[in-house]
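Biologist: I would like to learn how to read strands and helices in a model. Please take me through some cases.

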Amino acid sequence: MALSASLILGLELAPTWAGEQTKKEPNTEIRLAPGDDKTSYENTDYETNSLSLEYRTGKAAGLYEIATSPQLGLPLVSISTNNRVDRAKIQLGRKLFFDRRLSRNKTMSCAMCHIPEQGFSNNELQRAIGFEGRNLKRNAPTILNVAYYQGLFADARESNLEQQVWSPLLAPNEMNNPSIGYVIDTIVSSSDYSGLFENAFGTPVSMQNIGDALAQYQRSLISGNSRFDQWFYGKEESALNTQEIEGFNLFVGKAKCAACHQIGRDYALFTDNKLHNTGIGYENSMLKPSQYVSVQIAPGVVTQVARSRVDSVGIPPENDLGRYEISLDPKDRWKFRTSSLRNIALTAPYMHNGQFSELEEVIEFYNRGGVAHELLSPLITPLILSKDEVKALSAFLRSLTGNNVEMLVSDAFAVTIGDSD
Amino acid sequence: MNLFKTTGVNRGLMQIAIASLFFAASLTSHADETCMSPYMAKIVGQEDFVYVWTLGQENLGDEQDKLVTIDVNPASPKYGKVINSLSVGGRNEAHHSGFTDDRHYLWAGGLDSNKIFIFDVHTDPAKPTLYKTIDNFVKVSGGVVGPHTFYALAGKIMVTGLSNNADHGGRTAMVEYSNTGDYIATHWHPTDQDLRGAEKSGKFADGYGYDVRALPRRNAMFTSSFTGWTNYMMDFGTMLQDPEAMKRFGNTAIKWNLHTRKPEKIFDMPGAPLEIRCAWQPNHNYCFTTTALTSKIWLMYEDEQGEWQAKAVADIGDPSKVPLPVDISITSDDKGLWVQTFMDGKARYFDVSDPFNPKQTYEKEIGSQLNMISQSWDGKRAYFTSSLLNNWDKKGDQDQQFFKSYTWDGSKLNLEFEVDFKAEKLGSAHQMRFGAYGLYGMKRPYETKQAEVNSNASDTLLASKPE
Ligand code: HEC
Ligand code: HEC
């Protein structure tokens, strides 16, 4: 017998690695970015700065207090349903939100697309990918402060969070549940839910209380008190620097952003909750594709791949006509709801289709006057902003990150992700 | 001496000799598919079956994943035919599979559903049955998603992951199981936050995973790195046009300590290094891998100081066109390396007698798309399949799905037969593993002429018995 054989066998009998999975200390510092950091990946001097998933742990936060206390720069949430704020309901919604079993093949939770450390959105791709890898036509938006939208989704087609949850739960390309009853049965047959609905609602699992619970969790993800709020509403002069203040002045002045991304006397939602045509949707529907596609194949390495080659392995992108798809009114073609800009630094890539990777690109888009065409909003015109003004605007947008986001992310990390057992 | 009593793998089933690396003298001259674990029982000579782990396609046949058995023994009356098809339920994103070291069971994974299907292939090698399904892989492993490679170690199976349940990105771990399906441990890939004692030899420590191979005589184990669930599940054309998604590929390979399962050295290997194939000859301390996006052959080798290094040693096709090298296979004499390029459907043979200077000497277009290869130990037979990933495969008419059997005469490939997986309503043909009666001391149920193959089937099992 070979020498190496006895050596290795001897070692195999005393496995030092068995039972190695040790619990790590909770993270004290939360990074508000993907744990798989690809910052400056386009450069040849890119270096990794990756986090370990074993350390992705956190501390539960007082979500009830967050949902019920005023935050600088934001009004208290008013709800039109009879789903009153309740601790047990928030906790139940929080558990459901991270439960991957709530999809047809047990692989998709709400949080797989609305990823906590990625601003409760997805920084890692332009448009979301759902059940069996199917394409969605839109970028996964943040659900921070989603409570303040009057119409939900980029086309404002849904009217409240209680109802909204059934869109992803049942969509064939999202969580792909075949029926409402299937979702209820999944929960009923998971022993870790035993008694939880009864305790929170006094009734067993139902279509109504699944929506209520998830809505309660999402409504507790309120995040104001940004440096901008401290400066503007809190009157703390040092909260913003001069560049950020210049950016604010442009935002409400020359750049005309606040015409749609509204800032009020007592609070700022950064949205008028209305639908506008910026030209981005028009461009996507009408423009002819380029003959070559720039494809990054490694850090700092880009190659041009022929369109025909890309098309041989791809399905054509789904068209997106915005609000028109809901109203069928041709005037509504390519209209999208104004996004709130709170926490915008955390939620790249931008716009309904994730077309822009950087805030500067979005500002340059507005600077060009959007994309001119018959239906372009009259509020969008060329701005003639200088390079420095673009930088100042972008600096201002980066001051809109709420001061409790780390806390909300840490709270999310504390949830046990639901997987089959 | 029965070294494997301790592993508890026989479970009262047929008493047959179990092969192992440790009888290295016989191993270097006889074994079967050259990509198998050195811990594995070996086939010598003619294989009887190829098991094809097949993806269900929507609107085709029963639409679900299945293990397809093809009779590949030219002496068999059913030669060239699909003789069994075992549907497992669901489209799990069937991908790779691997035998336990005793070759009694075939573990096959679903990259999407995270299910692991364990097939009994020894009771009747012509008709595998589903022995057990593991459906709590994510939960027991602590969040690993995408069970990929199933690599036999002594009495154990090392399962590589591709992703995780937190962000569906590429950070992941290897998960170790006993042959009987009991969870043993999770071995996370090193990240900057926790290098786990490894040396970051370049700029990258991305924590990604893909394949695993071992060189037990050097106490070494190697892993490569691909991408997370989001990318491997999404439409390939959509992904190529998504600059964010294209940043999420692995750029590392890792040398581990096989015994302690600790990562020791992280190599920079830009552009998604995939399959790893280690040399077989006892003095050849190196392994090859290829980077899918940057189209290079890489060599990981032990230098004269006993230090492990990695070096890009050749281009594959025209890298600027992204030919996408996928599966590779090394010949048993370590002189040749088959490299398949998915986009142009070509099998390419590289002369790697000088591992630092691979030279392509032959190529042949096998189909409109091409992924896997399995070759016999003597290199005379090579089998090819078409599918890469359900949403990466070509669309429409270009989505040919096949199993093709070739002979290789040293200078060209000759087609012997093919099975059209779409016409047969089977699905997308992915990974192949060999089966044989002789492995389990069984006789073939048909007469074979001595001229063709050895009739008592003992030609399939020679390498394993300790002298
Ligand atoms: C497959 C990815 C995916 C999953 C899973 C998913 N979402 Fe979303 N979510 C999206 C995308 C993409 C949009 C934008 C869709 C649109 O505008 O039409 C969205 C929009 C939303 C919105 C509206 C936000 C706004 O700005 O109006 C809410 C609220 C929301 N999701 C909550 C949930 C909840 C709750 C779940 C789980 C029950 C869930 N999502 C599951 C991708 C996903
Ligand atoms: C005519 C109304 C209007 C004006 C003026 C306007 N915006 Fe917008 N903004 C929108 C709409 C509508 C969207 C959503 C567009 C989409 O998703 O395609 C949006 C989206 C954005 C986004 C991306 C949000 C996200 O979550 O992806 C940013 C950033 C932004 N605007 C910044 C600005 C800035 C800075 C200005 C001033 C230079 C400005 N906007 C002016 C209506 C407006």
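Biologist: Which residues of β28(B) are buried on one side, and which on the other?

Modeller: A residue is buried if 20 or more other C-beta atoms, placed from the backbone, lie within 10 Å of its own. B:R381, B:Y383 and B:T385 are buried on one side of β28(B), and B:A382 and B:F384 on the other. That strand spans residues 381-385 of chain B. Strands are DSSP E runs of at least two residues and helices H or I runs of at least four, numbered from the N terminus. This is a predicted model: local features need pLDDT of at least 70, side-chain atom pairs pLDDT 80 or more, while totals for chains, interfaces and linings use all residues. Residues count from 1 along each chain as written, and chains are lettered from A and ligands numbered from 1 in written order.

Biologist: Which strands are joined to β28(B) by bridges?

Modeller: Strands pair if DSSP finds at least two bridges between them. β27(B), residues 373-375, runs antiparallel to β28(B), with three bridges. B:Q375 has B:A382 as its bridge partner. Five residues lie between these strands in the hairpin, where B:G379 takes a positive phi near 75°. Five bridges join β28(B) to antiparallel β29(B), residues 402-408. There B:T407 stands opposite B:R381.

Biologist: How do α10(A) and α15(A) cross?

Modeller: Packed helices are described by the angle and the distance between their axes. Axes here are lines fitted to C-alpha atoms over the stretch in contact, with angles from 0 to 180 degrees between N-to-C directions. Those of α10(A) (residues 242-252) and α15(A) (residues 387-397) come within 7 Å and cross at roughly 100°. The two helices are therefore roughly perpendicular (65 to 115 degrees).

Methods
Parallel < 35°, antiparallel > 145°, perpendicular 65-115°, else oblique. Buried ≥ 20, exposed ≤ 12 C-beta atoms within 10 Å, placed from the backbone.
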